[in-house]
Amino acid sequence: CLVGSEMCIRDRVRYKVSHLQCTPSMAQMIVMDDSARHALGGLKELMVGGEALPGALATDLMRATSARLQNMYGPTETTIWSTTHEVPQAERTSAIGTPIANTQAYVLDECLSQVAAGVPGGLYIAGDGVTQGYWNRAAMTAERFVDNPFGAGKMYRTGDLAAWLEDGTLGFIGRADDQVKIRGHRIELGAVSYTHLRAHETRGNL
């Protein structure tokens, strides 16, 4: 459905919007529609985030607009955006860049030790944006929000795998578990499987 993208583009043309932020899924819908893609030409800044940014989509966006393309990364638990990366050219999967102000990013092994550049590890976020935890979910909070061995306060265990690249930016690898993102929303595949199994169990008991 292109309703969302059509509304977005109509507003961009009507109000002469110069900055647009959306998920890669929405950006994909925009570039697939001729009129919507044409309207991107007037942008100055295009910020995408919430999902991995494929190189093919980055190429399409850079062909459609001369706006600066930024790939944004950050979970809700760290107040949305934690790192940003200006995409200079299409890559297989765009890097997620470097931390924003008052934010630290660490790539760590299972012992919470920093790994060398180029070595995959778990991505942890620390800094002023890290929230206090989950409401009334003490066990989950303790699992995800851990003491920061490199400074004061807590750091958030994102569950994502990353690696430091040679240029000092963060490369995104994927998830360490079976969580997936669909249009920016988190989907736990284990929960989907559990729901289906319970449905079969219920029908079997009838």
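In the predicted model, strands E1 and E2 run parallel and are joined by four bridges. Strand E2 comprises residues 45–49, and within this pairing Cys-22 stands opposite Val-48 of E2. Helix H2, formed by residues 24–32, packs on the sheet and touches both E1 and E2. The direction of H2 makes an angle of about 120° with that of E1.

The sheet as a whole is open and consists of five strands in the order E1-E2-E3-E4-E5, with mixed pairing.

The loop between strand E3 (68–73) and strand E4 (83–86) contains Thr-78. This residue has a relative accessible area of 3% and is therefore classed as buried, the cut-off being under 20%. The side chain of Thr-78 forms a polar contact of 2.6 Å with the side chain of Ser-82. When residues up to four places away in sequence are not counted, Thr-78 touches Ile-125, Gly-129, Val-130 and Tyr-156.

Regarding confidence, the protein chain has a mean pLDDT of 84, and 79% of its residues reach 70 or more. Over residues 188–197, pLDDT stays under 50, and the model has six contacts for this stretch beyond four places in sequence. Where pLDDT is low, predicted coordinates should not be read in detail.

Conventions
Residues numbered from 1 in each chain as written. Predicted model: local features only at pLDDT ≥ 70, side-chain atom pairs only at ≥ 80, totals over all residues. Heavy atoms only, no water. pLDDT = per-residue confidence, 0-100. Contact = heavy atoms within 4.5 Å. Pairing = 2+ DSSP bridges. Helix = DSSP H or I, 4+ residues; strand = E, 2+ residues; numbered from the N terminus. Axes fitted to C-alpha atoms, helices over the stretch in contact; angles between N-to-C directions. Buried < 20%, exposed > 50% of the residue type's maximum accessible area, 1.4 Å probe, protein only. Polar contact = N/O pair within 3.5 Å; in protein donor to acceptor, adjacent residues only side chain to side chain.
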